[in-house]
Amino acid sequence: MTQRIAFQGELGAYSHEACFNKHPEMEPLPCRTFEDVFAAMASKEADLAMIPVENTTYGRVADIHRMLPESGLHIVDEAFVRVHINLLAVPGAKLDDIEEAHSHLVLLPQCETFLRENGIRGRVSSDNARAAREVSQRGDPKVAALASELAGEIYGLEVLARHIEDQGNNTTRFLVMSRDADQSRRGDAGMMTSFVFQVRNIPAALYKAMGGFATNGVNMTKLESYMVGGSFTATQFYADIEGHPDDPSVQLALEELGYFTDKLDILGVYPRDARRD
C-alpha cells in the first residue's frame with residue numbers, strides 16, 4: 001500500500017514541493033491546518049508529516065515550535081526548499097496582459113520590485129497554491145498567481161516569469177516527522193539533535209546551561225524561546241545542535257544542561273542536510 005506524507009496547504013504549495021523532493025515515492029496528503037496534519041498522523045491516515053519551521057526571509061513559522069512537543073511525533077529528517085516564486089497565468093496570457101497577481105500575504109512583498117516595474121497589483125490569497133488553482137478556474141488572462149512551478153503544472157498554468165523574488169537566497173527549512181523515533185546514524189553530512197528544555201528558576205540559569213555546549217565544542221545552530229502555559233515566567237527553549245546524543249561531547253553538554261533545567265525532551269535525531277553548507 002502506498003504510504004502518505006501529510007502537509008499543510010493545497011497541492012502545489014511549497015510544502016508539497018518539499019514532500020515531492022524528499023519522498024517522491026509517497027502520496028501527498030494536503031491538510032487545511034497544522035492541527036489537521038498532526039491529526040492525520042495520530043489517526044495513521046498519514047505515515048510522515050512535512051512541517052515548515054523557518055524561512056530565511058520572514059523567520060520562524062508562527063506557533064510551530066509550541067506545537068512540535070505537543071504533537072507526540074519525532075523529527076526523523078530535515079529538508080530545504082529554495083523558494084522560487086513564479087508568475088503563473090492561464091494559457092495564452094501575456095505578461096503585458098496581467099493586471100493582478102494573487103498570492104499569500106508573505107509572498108507578495110518578496111516580489112515587490114517585479115510587481116511595481118510591471119504595473120501589477122498584488123492581491124492577498126490564503127495560500128499560494130490556492131491562488132494558482134483559483135486563477136486556473138477563473139480563466140481570466142488579466143489575473144495571475146505567484147506560486148511554484150509545481151503549482152503551475154498541477155493547475156495547467158503557464159509560467160510568464162520565473163524566479164521573480166527580490167531575495168536571491170529565499171529558503172524554507174522543513175522537518176520530517178514520524179510517529180516512531182529513529183536515532184540510528186545515517187546520511188553523509190553528520191547528525192543533528194533537536195530538543196526543548198525549561199531552565200530552573202535560579203540566577204543565570206540559561207547562561208550556565210549553555211556553557212556546557214561551548215566548553216565541549218558542540219555547535220548550537222538554533223536557540224529560540226517562547227512562553228508556555230500563558231505565563232510570563234514559564235519560558236521554554238527550542239534548540240538544534242550538531243551531533244548525536246551518543247557523541248561524548250554531546251553527552252557531556254546535555255548532562256551539564258540537565259543540572260540547570262526542570263524539563264528536557266529530545267524531539268529528534270536526524271541526518272544533517274548538506275545544504276546547510
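**Salt bridges, cores and cysteines**

A search of the whole structure finds 24 salt bridges. A salt bridge here is a side-chain nitrogen of Lys or Arg within 4 Å of a carboxyl oxygen of Asp or Glu. The structure is a predicted model, in which local features need pLDDT of at least 70 and side-chain atom pairs count only at pLDDT 80 or more, while totals for chains, interfaces and linings use all residues. Residues are numbered from 1 along each chain as its sequence is written, and side-chain values use heavy atoms, with hydrogens and water left out.

Start with Glu165 and Arg82. Their side chains meet in a salt bridge, at 3.3 Å from N to O. The pair links distant parts of the chain, 83 residues apart. Glu165 sits in the loop between β10 (158-161) and β11 (171-178), and Arg82 belongs to strand β5 (residues 74-82). Strands (E, at least two residues) and helices (H or I, at least four) are DSSP runs, numbered from the N terminus. Glu165 is buried, at 10% relative accessibility. Arg82 is partly exposed, at 24%. Buried means under 20% relative accessible area, exposed over 50%, and partly exposed in between (1.4 Å probe, protein chains only).

Now take Asp277 and Arg272. Their salt bridge spans 2.6 Å, N to O. Asp277 is exposed at 73% relative accessibility, whereas Arg272 is buried at 16%. Elsewhere, salt bridges that share partners join Glu54, Arg60, Glu78, Arg173, Lys222, Glu224, Asp240 and Arg276 into one network. Within this list, Glu224 and Lys222 form a salt bridge, with their closest N and O atoms 3.2 Å apart. Glu224 is buried at 17%. Lys222 is buried too, at 14%.

Turn to the nonpolar side chains. In soluble globular proteins, such side chains tend to be buried together. A nonpolar core is a set of buried Ala, Val, Leu, Ile, Met, Phe, Trp, Tyr and Cys residues joined through side-chain atoms within 4.5 Å. The largest one holds 43 residues. Met50, Ile85, Leu87, Leu115, Ala132, Leu146 and Ile164 touch the most other members. Strand β9 (residues 143-147) supplies the largest share of this core, 5 residues. Apart from it lies another core, of 27 residues, among them Ala6, Ile51, Leu68 and Tyr238.

Last, the cysteines. A disulfide is a pair of cysteine sulfur atoms within 2.5 Å, and the count comes to 0. For Cys31, the nearest cysteine sulfur is that of Cys19, 9.6 Å away. Cys31 is buried at 9% relative accessibility. Cys111 is buried at 0%.
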